[in-house]
Amino acid sequence: MGAVSKTTNGLPAVHLVDGSLYVFRAWHSMPDEFFDADGHPVNAVHGYTRFLCELLERVQPEHIAVAFDASLTSSFRNAIYPPYKANRELPPPDLERQFVQCRAITEALGVHLMIDHSFEADDLIGSTVWNLRAAGWRSVIVSADKDFGQLLGEHDEQWDYARGLRWGPAGVHEKLGVHPHQVADYLALCGDAVDNIPGVPGIGAKTAAALLTHFGSLDNLLDRIDEVTFLRLRGAATCAAKLREHAEQARLYRRLTRIALDAPGATSIDTLLRRRQQPGQLDSLCEQLRFGAFTRSRLRALLR
């Protein structure tokens with residue numbers, strides 16, 4: 001893959017990175033052989049730093065932000081549905097410490113950091129996409145998470161950096177069988193095991209996509225459940241019965257799967273302008289994290 005275009009159809013791009021995803025990936029993929037000056041593991045910090053360096057070197061973005069989840073248990077979704085993400089183990093102290101260090105590296109490189117205890121990284125990115133679209137900017141969302149498909153407007157892209165795959169709204173339909181504005185409804189129907197959202201029993205991905213293709217939205221589907229029985233759909237009568245029984249749960253699940261657009265994301269493009277930083281903060285981090293000479297030189301070069 002070559003250099004990443006900063007403009008498409010004359011629209012400038014802002015890059016919005018799902019930071020927590022790349023910290024978790026580094027935690028699982030990097031060997032346990034890196035330790036900071038205090039003897040604590042920093043394998044996730046090393047992996048995340050390599051990823052961020054490579055992204056900044058390739059894209060050279062003028063406007064960028066990295067969003068992090070503050071917690072697995074404190075978002076508004078946990079308040080309305082306590083089982084939300086309850087299937088996930090809480091990060092061990094060694095990883096919690098590394099999240100703090102990854103955030104410090106991000107800021108030391110002059111990259112805008114977004115984090116909030118009531119909203120997740122998805123919501124901060126979604127609200128930023130929404131705010132900046134109105135100002136004439138397109139967004140490149142750097143993440144593999146399928147939930148982000150619901151945010152893609154005509155000129156936006158999602159970029160699965162590790163696999164080197166990029167797609168726009170049409171790619172969402174190719175992957176899921178629904179359009180971006182239907183993704184939250186789709187996940188409410190078929191569920192999302194990653195986030196412990198069960199969906200409507202008996203409705204899988206293909207059935208959810210078929211129902212939304214026919215009815216357009218979850219609201220229309222639930223208003224016209226009687227019509228489901230007559231669709232040329234395997235088990236149509238059983239499907240209709242399940243939808244009647246679980247209609248309220250489906251509406252609740254959509255409150256979980258829909259990315260919030262009123263979170264405290266960036267409201268001005270100037271907020272996302274990469275800042276010129278003094279090297280002192282970065283140098284002290286490099287000492288604490290015991291980065292090698294190559295990583296230090298990469299990081300220093302990114303401050304120029």
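Helix α7 passes helix α12 in a right-handed crossing, a crossing being right-handed if the near helix is turned clockwise from the far one by less than a right angle, and left-handed if anticlockwise. The structure is a predicted model, in which local features need pLDDT of at least 70, side-chain atom pairs count only at pLDDT 80 or more, and totals for chains, interfaces and linings use all residues. Residues are numbered from 1 along each chain as its sequence is written, and side-chain values use heavy atoms, with hydrogens and water left out.

The axes of α7 and α12 (residues 247-257) come within 8 Å and cross at roughly 130°. Axes are lines fitted to C-alpha atoms, for helices over the stretch in contact, and angles run from 0 to 180 degrees between N-to-C directions. At this angle α7 is oblique to α12; angles under 35 degrees count as roughly parallel, over 145 as roughly antiparallel, 65 to 115 as roughly perpendicular and the rest as oblique. Helices (H or I, at least four residues) and strands (E, at least two) are DSSP runs, numbered from the N terminus. On the α7 side the contact is made by A184, D185, L187 and A188, and on the α12 side by A250, Y253, R254 and T257, where contact means heavy atoms within 4.5 Å. Five of these residues are nonpolar, one is polar and two are charged. Ala, Val, Leu, Ile, Met, Phe, Trp, Tyr, Cys and Pro count as nonpolar, Asp, Glu, Lys and Arg as charged, and the others, Gly among them, as polar.

The axes of helix α2 (residues 43-59) and helix α4 (residues 93-108) come within 9 Å and cross at roughly 30°. The two helices are therefore roughly parallel to each other, and the crossing of α2 and α4 is right-handed. From α2 the contact involves N43, A44, V45, Y48, T49 and L52, and from α4 it involves L95, Q98, Q101, C102, I105 and T106. The residues of this α2 with α4 contact divide into seven nonpolar, five polar and no charged.

The largest nonpolar core has 55 residues, and those with the most contacts inside it are I125, Y186, L189, L211 and L243. A nonpolar core is a set of buried Ala, Val, Leu, Ile, Met, Phe, Trp, Tyr and Cys residues joined through side-chain atoms within 4.5 Å. Helix α7 (residues 183-190) supplies the largest share of this core, six residues. Leaving aside neighbours within four places in sequence, L189 is in contact with G199, V200, I203, A208, L212, L218, L221 and L243. Apart from this core lies another, of 40 residues, among them V23, V111, V140 and Y161.

S127 lies in helix α5 (residues 121-133). S127 is buried, with a relative accessible area of 0%; buried means under 20% relative accessible area, exposed over 50%, and partly exposed in between (1.4 Å probe, protein chains only). The C-alpha atoms of S127 and L261 are separated by 4.2 Å, although the two residues are 134 residues apart along the chain. Not counting residues up to four places away in sequence, S127 touches A260, L261, D262, A263 and G265.

Positive phi values occur at Q60, near 50°, and at R290, near 55°, each a residue other than glycine. Q60 is placed in the loop between α2 and β3 (64-69) and counts as exposed at 52% relative accessibility. R290 is found in the loop between α13 (279-289) and α14 (293-301), and at 54% relative accessibility R290 also counts as exposed.
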